[in-house]
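Open the model in your viewer and keep the selection tool at hand. This tour goes stop by stop.

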Amino acid sequence: MRLNNKIAVITGSGSGIGQSSALLFAQEGATVVVNDLQAEKGQETVELIKQAGGSAVFVQADVTDPASVQALVDQVIAQFGRIDILFNNAGISGVGALHEVEPDAWDRVVNVNVRGVFLPCKYVLPHMMERRAGAIINMSSCIAEIGLARRASYAATKGAVLALTKQMQVDYAQYKIRVNALLPGTIMTPFVENYLRTSYDDPEEAIEGLKKRQLSGDLGRPEDVARAALFLASDESSFMMGSPLYIDGGAVFG
Ligand code: NAD
């Protein structure tokens, strides 16, 4: 088992890629701290893990709120004594070309997707620094590099996460903490379904268009990204530092 006895915090793991990763990490021996804004969804992930014989607890927290994130970290340290893995997965979508985006909508996306990475890192890092060990995985997107029609705020945040990942690696390598980023292509999750439903008159046509953008000719599945997250969380990636890992069916070449 690749994560035996590890304590892993996964933000936004009540759904989609986060839920799939939580299940996989638990299967590989980790005790998973499932975080989500939505308690019902987070509890569902914990139930799924327990039914499969794994170990998990749910901690509700809003990754944009310092007090909420600090309380999550304090609770995990009190209960388990350490955090080995932090997977900053929580994120929201933002639709519109730049001139169409309202300032408040822009701030909402930046808040969840960038501040929501900054805060968990800020409160977890001192514990990892003290132990001189840790793996942090930040959720970026291949959109950070190649864009996607009418996704200005989202692309900006995922670019920021990629830059922050590299910057963090520069600052924390001396503490033996590895920080890497995931860059998925289009993965079929509730996040994408919602985006398609609200942004296109004909979601089926939009799905076909998204499939064509990827050399694979298909959309990815949450498990595809979960396996990459597992790799970055485990010692198998011990020589990867500040790296972008693409799980995009070749979208960057499409
Ligand atoms: P999802 O909507 O299925 O899951 C995201 C979860 O994050 C939800 O359960 C939601 O409640 C939670 N969340 C949102 N705001 C939160 C907050 N403030 N605090 C705590 N939890 C919060 O989405 P998904 O498709 O699984 O995406 C997960 C991550 O992967 C996101 O960061 C997304 O940007 C990124 N991503 C997704 C795709 C894709 O195609 N699905 C591609 C590239 C990157």
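Where is the place of Pro120? Select Pro120: its place is in helix α4. Bear in mind throughout that this is a predicted model.

**Stop 1: Pro120**

Is Pro120 buried or exposed? Pro120 is buried, because 26 other C-beta atoms lie within 10 Å and 20 or more is enough to count as buried. Pro120 and Val63 are 57 residues apart along the chain, yet their C-alpha atoms are separated by 6.9 Å. Leaving aside residues up to four places away in sequence, Pro120 touches Thr11, Val63, Val69, Leu86 and Asn88.

**Stop 2: Val112**

Stay on helix α4, where Val112 also has its place. Val112 is buried, with 22 other C-beta atoms within 10 Å. Keep Val63 selected. The C-alpha atoms of Val112 and Val63 are 6.8 Å apart, while 49 residues separate the two along the chain. What else does Val112 touch? Beyond residues up to four places away in sequence, its contacts are Val63, Thr64, Ala90, Gly91 and Ile92.

**Stop 3: α3 against α4**

Select residues 66-80, which form helix α3, and show α4, residues 103-131. Two packed helices are described by the angle between their axes and the distance between the axes. The axes of α3 and α4 come within 9 Å and cross at roughly 35 degrees. The crossing of α3 and α4 is right-handed. Which residues make the contact? From α3 come Pro66, Val69, Gln70, Val73 and Ile77. From α4 come Leu119, Pro120, Tyr123, Val124 and His127. By class, this contact of α3 with α4 has eight nonpolar residues, two polar ones and no charged ones.

**Stop 4: α1 against α2**

Move to α1, residues 16-27. The crossing of α1 and α2 is right-handed. Show the side chains here. Gln19, Ala22, Leu23 and Ala26 of α1 meet Thr45, Leu48 and Ile49 of α2. Sorted by class, the contact of α1 with α2 holds five nonpolar, two polar and no charged residues.

**Stop 5: α1 against α9**

At what angle do α1 and α9 pack? They pack at about 55 degrees, and their axes are 8 Å apart. That makes α1 oblique to α9. α1 passes α9 in a right-handed crossing. On the α1 side, select Gly16, Ile17, Ser20, Ser21, Leu24 and Phe25. On the α9 side, select Pro222, Glu223, Val225, Ala226, Arg227, Ala229, Leu230 and Ala233. The classes in the contact of α1 with α9 are nine nonpolar, three polar and two charged residues.

**Stop 6: along α9**

Now look at α9 by itself. Which residues of α9 are buried? They are Pro222, Val225, Ala226, Ala228, Ala229, Leu230, Leu232 and Ala233. The buried residues of α9 pack against α1 and against the elements β1 (7-10), β4 (85-88), β5 (134-139), β6 (177-184) and β7 (244-247).

**Stop 7: along α6**

Select residues 152-172 to show helix α6. The 21 residues of α6 should span 30 Å at 1.5 Å a residue, and the distance between the end C-alpha atoms, 30 Å, agrees. The buried residues of α6 include Tyr154, Lys158, Val161, Leu162, Met168 and Tyr172. What do the buried residues of α6 pack against? Their partners are α4, β5, α5 (143-146), β6 and β7.

**Stop 8**

Most residues other than glycine have a negative phi. The last two stops have a positive one. Arg150 is found in the loop between α5 and α6. Its phi is positive, about 60 degrees, although Arg150 is not a glycine. Arg150 counts as partly exposed, with 15 C-beta neighbours inside 10 Å.

Then select Lys176, in the loop between α6 and β6. Lys176 is not a glycine either, and its phi is about 65 degrees, again positive. Is Lys176 buried, exposed or partly exposed? With 13 C-beta neighbours inside 10 Å, Lys176 counts as partly exposed.

Key. Residues are numbered from 1 along each chain as its sequence is written. This is a predicted model: local features need pLDDT of at least 70, side-chain atom pairs count only at pLDDT 80 or more; totals for chains, interfaces and linings use all residues. A residue is buried if 20 or more other C-beta atoms lie within 10 Å of its own, exposed if 12 or fewer, and partly exposed in between; C-beta atoms are placed from the backbone. Helices (H or I, at least four residues) and strands (E, at least two) are DSSP runs, numbered from the N terminus. Two residues are in contact if their C-beta atoms, placed from the backbone, lie within 7 Å. The expected span of a helix is 1.5 Å times one less than its number of residues. A crossing is left-handed if the near helix is turned anticlockwise from the far one by less than a right angle, and right-handed if clockwise. Ala, Val, Leu, Ile, Met, Phe, Trp, Tyr, Cys and Pro count as nonpolar, Asp, Glu, Lys and Arg as charged, and the others, Gly among them, as polar. Axes are lines fitted to C-alpha atoms, for helices over the stretch in contact, and angles run from 0 to 180 degrees between N-to-C directions. Angles under 35 degrees count as roughly parallel, over 145 as roughly antiparallel, 65 to 115 as roughly perpendicular and the rest as oblique.
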